[in-house]
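I opened the model to look up two things.

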Amino acid sequence: MNDLDQVLQVAAEVTSMIAAAAEAAHPRETGGVLLGWWLDERVMVYHAVEVPDPDASQGSWVRDYDTAQVALQEALGDQGHPWLGYVGDWHSHPANFGASSQDLTSIQHASNQYDQPLVLLVHLADGLVEAVVTASANHPLIRGLIPDSPERETT
């Protein structure tokens with residue numbers, strides 16, 4: 001078990017949903033919010049919700065706060081799981097590069113509002129998903145790659 005496995009578990013349905021949304025939006029970026037819960041020191045990501053950005057481009061997707069709140073509340077109502085809540089963000093990169101410095105700054109900044117770690121998932125063009133987990137701006141980031149489907153390997 002590596003460091004990422006010790007702090008993060010992502011349901012296969014989450015990466016599959018993100019892969020499908022990334023493919024549908026290609027060549028533009030898309031993204032959204034992640035729902036899950038914290039179990040001890042681990043983040044359990046159970047569901048992903050797409051939050052459309054009508055101005056998304058090949059190099060940019062912006063999560064509008066109000067639109068994300070509506071999507072989050074609808075998903076929480078639909079899922080009806082008592083442990084579910086916001087645990088992070090996701091977006092796609094049509095070009096094959098990982099989380100940008102702005103992505104890392106954004107997730108670190110957001111994590112300052114929570115006592116538990118937050119997650120950023122970035123879907124890459126090669127079918128892998130870069131996962132970033134952080135607890136706060138002063139906490140080291142834990143990063144790694146996970147496949148976007150059970151059939152795909154990370155090595």
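For sorting lining residues, I count Ala, Val, Leu, Ile, Met, Phe, Trp, Tyr, Cys and Pro as nonpolar, Asp, Glu, Lys and Arg as charged, and the others, Gly among them, as polar. By that sorting, the lining of the largest pocket has 12 nonpolar, 10 polar and four charged residues.

This is a predicted model, in which local features need pLDDT of at least 70 and side-chain atom pairs pLDDT 80 or more, while totals for chains, interfaces and linings use all residues. Residues are numbered from 1 along each chain as its sequence is written, and side-chain values use heavy atoms, without hydrogens and water.

**Pocket.** I looked up the space in the largest pocket and found about 690 Å³. Of its 26 lining residues, W61, V62, R63, D89 and S106 are the closest to the centre. (A pocket is an open set of points on a 1 Å grid over the protein atoms alone, where a 1.4 Å probe fits, with protein on both sides within 12 Å along at least five of seven lines; lining residues have an atom within 4 Å of a point.) Helix α4 gives the most to this lining, with six residues.

**Aromatic pairs.** I searched the whole structure and found four. (Rings of Phe, Tyr and Trp, the last by its six-membered ring, pair if their centres lie within 6.5 Å; planes under 30 degrees apart are stacked, over 60 edge-to-face, the rest tilted.) W38 and Y114 have ring centres 6.5 Å apart and planes at 40°, so the pair is tilted. Ring pairs also link W37, Y46 and W83 into a cluster.

Technical notes. Grid points are joined across faces, edges and corners, and a volume is the space filled by probe spheres set on the points. Helices (H or I, at least four residues) and strands (E, at least two) are DSSP runs, numbered from the N terminus.
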